[in-house]
Structures are given as C-alpha cells and as structure tokens.
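Please walk me through this structure in the viewer, one selection at a time. For each stop, say what to select and what is there.

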Amino acid sequence: MHLSFNIPLSTPLTQANAAEALRIVIVGHVDHGKSSLIGRLLHDTGSLPNGKLAAIEAACAKRGMPFEFAFLLDALQAERDQGVTIETSQIRLRSADRDIVIIDAPGHREFLKNMVTGAAQSDAAVLVIDAVEGMREQSRRHAYLLSLLGIGQIVVAVNKMDLVGYDRSRFEAVAQDCRSYLARIGVAHERFVPISAR
Amino acid sequence: MDDTLPPASRFAARKTLGLKEVTQKYGFTGIVAGIRRDEQPMRSKERVFSPRGVDGAWDVQDQPPEFWGQYNTDVPPGSHLRVHPLLRWTELDIWLYIRREGIPVVPLYFARDGKRYRSLGEIGITFPIESNAASVDDIIAELQTTRTEERSGRAMDHESEDAFERLRADGYM
C-alpha cells in the first residue's frame, strides 16, 4: 500500500515567513568528487560544527589515509572503509537570505535507488564531472534520472581541474560533451563551472 | 545486548531493549518517532517511512527508495515501520514551533548557573552545555549562531566512531 499526503508532512511549518529552503542534490559518477565538494562547501562557508574537522582527521588517520572531506557525510563505517557513498544524506547550510539543504547522493551504480531517493527531494542539482575522466556511465544516467524527475535546473561542475593543469580547452571539451548530451535529453537550463574541490 | 559496545552506548542500548519488549508485547506495527536529520549523521540517512527487519533492526545499506510525498506503508512481515514525520525539521524549527504554539517544555532546557541541557537522554550519560539561554527566545537566539552540535552532551555519540551506527542498526531510535 502507498500513502500520499496532501498536508506538508515533512516540511517544517514554522518557516512560513522565512524563505523556503532550497534543496540541491549533488550527483555524478563514483569518485568524481561529490562528497568532497560538499565537505569543502561546508568548510568554506563556516558551517562545520566545532570539533568536526578534528573528528574527520582522526577517522582518516585511523585508516592511514590523507585528510578526506568526504568523511564528513560518509557516516557509515562501510562508506569510510570502502571510500564510497552508499546511502543518501542531507545537511543544511544557513545563509542570511535563505536556508540551503545539500543532498549527497551515491555515485556507484549499485546504489542508484538511493541516488534517486535523494534526487526526488531536490529542487535543483549539481552534476559533478571529473575533468580527467569526462562523462562516464553514471554521469549520463544521473542526468537522465534528474530530467525524468522533473529537475530542470542543473549546474555542471567540472571537477579536479588541478589534475589537468587548469587547462581551459580540457574544461571546454568536457563541458561540450556534457552539453550535447543534456540537449539530447531535453535539459536546457544548465551552467558549467570549472572547480577543484578537495 | 551487545556486550562489545563501549560503556555509555551499552547504557543507551537498554532503551532499545525496552522498546523491543513493548513492541512485541503489544504487537505494534508502526512507531512514530521525532528524530531529525540534523541531529546526527546516521539519522540523516533515514527514510520518513523506515521499515524494520526482524527484531527491529535497521538495514541502512538496503533501504527502499522514497519519492516526493509518496510513502510506502507496507508493514514488513513480523516487524514494524518507524515513521519519522519531523525528519526534515531542524532544532531551530522545533523551538520556533514551541514558541508559536506556546508548548510547555521541560525546565531542564533552560539555563541555570550558566548551564542548560540541549538534548535530553538518560541520567549518567547526558551532560549540560555552557549556556545562558534561560527562555525560549534566548534559545532561539542561541541556535541561530551556535557552532556546537546539538548532541554534544550525549556521551554515547562520541565514545567511538561507530557506536551510534551500531546502536541504530540494532533498533535504537
């Protein structure tokens, strides 16, 4: 049996006067840097609670790994041990104008149903693409699922630009490849941004 | 009970035992819980309608998909559903709601001698935080700027990296 609610069951009633939170899902192929981008965003906006960085440092040191921002959202032991996001999670950023809910989604094909669960709760999306690897299977699949879910506003973040020496032509090649795919599936409201999140 | 849990978590696990007992005794097929995603990273991975396995266990790595406001209300055979209507609310939302509706609250939340409880749990493993917030308005003002975590005074959250995950996997709220 499925139940459908007409009342805003899961929307806070108290924010009627405040701007409604904007919900953004971060999607893309496994290891293209989604969780790291979110960790970096939270850090650079001063949104991390006290002691969080130290806890991540300890978790990385325990595994003999260099510092990894992905550990912030990858709360499961299995996620940390395997270095892969399994289940979607959400974290809130506050700004003076509005609240933003960042939704992390797994990039491994095995966990597509969890990616879709995260994406179904979002208003807009960031599609992260590795500048070295370019578009991969889950890049296309995630973009297609976003369009299927009716999420028309997509920012494409071409990540790891440091690994290609910040080469503008590489960025443009990846962006063009992605643009033509998005056009084929009917996504028109897209923006392309080169980034290096780590 | 899992004897390999660290001490404060074993303390907390007693609540899970009580919950399992009462669920079986009365044959409940649904339990409504007020957990929120912003409380704790493990709770952030929850569904609004969260099916439980045998003995109330939560399989976080194999949860059903959940779309928009469509919720799967099938009760797993021999088990129950956890329903989390406040999953998307934040701690600040709760206090704004308390103020708007004039809801009475436990006085332990209000500061006395520079300390107050921000999250309430079992005696012995729950500690107050430093705060001078002595009214609902003060608490709302505090929450708008604080960088201290809501559950910083709950010992079992900080005992080991996986303590809270193990508690929740076993059926802790």
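How many residue pairs are in polar contact between chain B and chain A? The count is 20 residue pairs, with both residues at pLDDT 80 or more. The model is a predicted one, and every value below is computed from it.

**Stop 1: the interface**

Colour the two chains separately and select the residues of each that touch the other. On chain B, 38 residues are in contact with 42 residues of chain A. The two chains bury about 3,900 Å² between them, and 48% of this area is on carbon and sulfur atoms. There are 7 salt bridges between chain B and chain A.

Two elements of chain B, β3 (70-72) and α2 (91-101), each give two or more residues to the side that touches chain A. The largest share comes from α2(B), with 5 residues. By class, this side of chain B has 15 nonpolar, 9 polar and 14 charged residues.

**Stop 2: a charged network across the chains**

Select Lys62(A), Arg63(A), Arg80(A), Asp81(A) and Glu161(B), which are linked in a network of salt bridges. Side chains of opposite charge can pair when their charged atoms come close.

Start from Glu161(B), which forms a salt bridge with Arg63(A), the closest N and O atoms being 2.7 Å apart. Glu161(B) lies in the loop between α3 (136-145) and α4 (163-169) of chain B, and Arg63(A) in the loop between α2 (52-62) and α3 of chain A, so the pair joins two chains. Glu161(B) also forms a salt bridge with Arg80(A), where the closest N and O atoms are 3.1 Å apart.

**Stop 3: Glu79(A)**

Move to helix α3 (residues 77-82) of chain A and select Glu79(A). Its relative accessibility is 0%, so Glu79(A) counts as buried. The side chain of Glu79(A) reaches the backbone nitrogen of Glu87(A) at 3.1 Å. Leaving aside neighbours within four places in sequence, the residues in contact with Glu79(A) include Leu73(A), Val84(A), Ile86(A) and, from chain B, Lys45(B).

For a sense of scale, draw the C-alpha distance from Glu79(A) to Cys178(A): it is 28 Å, for two residues 99 places apart along the chain.

**Stop 4**

Select Val156(A) and display its contacts. Neighbours within four places in sequence aside, Val156(A) is in contact with Leu127(A), Ile129(A), Cys178(A), Leu182(A), Arg191(A), Phe192(A) and Val193(A).

**Stop 5: helix α1 of chain A**

Select residues 34-44 of chain A, which make up α1. Its buried residues are Lys34(A), Ser35(A), Ser36(A), Leu37(A), Ile38(A), Gly39(A) and Leu42(A). What do they pack against? They pack against four strands of chain A: β2 (22-28), β3 (89-94), β4 (99-104) and β5 (124-130). After the helix comes Gly46(A), with a positive phi near 65 degrees.

**Stop 6**

Over all chains the count is 33 salt bridges. Two inside chain B are worth a selection.

Arg168(B) and Glu46(B) meet in a salt bridge, 3.0 Å from N to O. The pair links distant parts of the chain, with Arg168(B) in helix α4 and Glu46(B) in the loop between β1 (30-32) and β2 (49-51), 122 residues apart. Arg168(B) counts as buried because its relative accessibility is 0%, and Glu46(B) counts as buried at 1%.

Finish with Lys15(B) and Glu122(B), whose closest N and O atoms are 3.5 Å apart in a salt bridge. Lys15(B) lies in helix α1 (residues 7-26) of chain B and Glu122(B) in the loop between β5 (115-116) and β6 (129-130), so the pair ties together parts that are 107 residues apart in sequence. Lys15(B) is partly exposed, with a relative accessible area of 39%, whereas Glu122(B) counts as buried at 12%.

Methods: Residues numbered from 1 in each chain as written. Chains lettered and ligands numbered in written order. Predicted model: local features only at pLDDT ≥ 70, side-chain atom pairs only at ≥ 80, totals over all residues. Heavy atoms only, no water. Buried < 20%, exposed > 50% of the residue type's maximum accessible area, 1.4 Å probe, protein only. Contact = heavy atoms within 4.5 Å. Buried area = accessible area lost by both parts, 1.4 Å probe. Salt bridge = Lys/Arg side-chain N within 4 Å of Asp/Glu carboxyl O. Polar contact = N/O pair within 3.5 Å; in protein donor to acceptor, adjacent residues only side chain to side chain. Nonpolar A, V, L, I, M, F, W, Y, C, P; charged D, E, K, R; others polar.
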